[in-house]
Amino acid sequence: MATQVAEKIALEITHRALGLSDDQVLEMYWAMLLARRLDERMWILHRPHLVAFHISGIGHEAAQVGAAFALKRGYDYAHPYYRDMATVLTLGMTPRDLMLALFGRQGEPSSNGRQMPSHFGSRALNIVSGSSPVATQIPQAAGIAFAIKYKKTDQVVLTCFGEGSTAEGDFHEGLNWAGIHTLPVIFLCQNNQYAISVPAAKQMAVPNVADRARAYGIPGVIVDGNDVLDVYGAMRDAVARARRGQGATLIEAKTYRPVPHSSDDDDRTYRSRAEVEEWKKRDPILRMQEYLTRVNLLNAQKIVESDARAKQVVDDADEFARNAPYPPAEAALGNVWGQVKS
Ligand SMILES: Cc1ncc(C[n+]2csc(CCOP(=O)(O)OP(=O)(O)O)c2C)c(N)n1
Ligand SMILES: [Mg+2]
């Protein structure tokens, strides 16, 4: 009887029902928190123009950490997009790496200070750097999945993009290819409802991005993108399906971007403050804090302590990157990703 009661209680604790330990769910919280604090610092650094540009993942942390957590780090592939800071942190990029990229300094792993920030890449971690035209990563991810299938490993690929990007031809070509060839790729749409100033209803005539999956013969799943465990559950199933050789899944994480599109955007020109404030009530970090407090893994004191720890890590990365040298001028004449062998 006591065991049955214990099992019932465990199932009511969502993360345990998903097979996650208490330590793992706290690790998720830490990744989300660190991404948020790092991102906030990046905005602050931009205001006095200590850095040239920032594009933010604030509000997307649950979608990103929930997705990345279901991958095998350094084994599976990720082809992220510019908002994916929490994704790449979860996969093993460090706050120092990301700050070096923001400041454009030597030694940053994405391009050694050659690209704009947020084009995350790490050869060691199987993170593939993207290009500025949106959605180009989608057929490229299908291509990587095709190579995995050809080599007969059980790796999978995660690629991410916004809902506006699903109006691009690349999205449809990538999903079609993945459907035809039953490829091990997970397409994660982080639907924050705007493509800069353009609302989703002006990008597509169906209510959900996930509805589009049917046209390509793959499952389309909708999740609450502000709930890290909901995202993780869907992603875990999609990864298992891909590893079993059953092909691709499109996951649509419904979320919101509570900040401007980038450091160079003024969102007051296209949406009301009331709308933004309403969404802030569903902030993924607050939701996670409420959940962890409810299941007795967090309390007010631990929240303060983890915030202080995150601040230390962010301070360290900021100082490290500020003081790092720029690449030498002649590096501008070389290739971005490697030297051509003579
Ligand atoms: C092919 C192409 N068209 C336009 C742009 C300019 N652009 C950069 S981000 C962006 C919005 C994309 O919106 P969405 O896909 O919803 O992603 P979000 O930024 O909302 O996360 C646009 C139009 C671009 N980079 N590439
Ligand atoms: Mg969008």
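Let me begin with a definition: a residue counts as near a molecule or strand if its C-beta atom, placed from the backbone, lies within 6 Å of it. This is a predicted model, in which local features need pLDDT of at least 70 and side-chain atom pairs count only at pLDDT 80 or more, while totals for chains, interfaces and linings use all residues. Residues are numbered from 1 along each chain as its sequence is written, and chains are lettered from A and ligands numbered from 1 in the order in which they are written.

I turn to the ligand. Ligand 1 is surrounded by 15 residues, the closest being Pro133, Gly162, Gly164, Ser165 and Ala195. Strand E2 (157-162) and strand E4 (194-195) are the elements that give two or more residues to this shell; strands here are DSSP runs of at least two residues, and helices are H or I runs of at least four, numbered from the N terminus.

Next, the sheet. Five strands form an open sheet in the order E1-E2-E3-E7-E6, with parallel pairing, where two strands pair if DSSP finds at least two bridges between them. Strand E1 (77-79) and strand E6 (220-224) are the edge strands, each pairing on one side only. E2 pairs in the parallel sense with strand E3 (residues 185-191) over 6 bridges.

Finally, valine 231. Apart from its neighbours within four places in sequence, valine 231 is in contact (C-beta atoms, placed from the backbone, within 7 Å) with Ala62, Ala63, Gly66, Ala67, Val223, Gly225 and Ala253.

Key. Contact = placed C-beta atoms within 7 Å.
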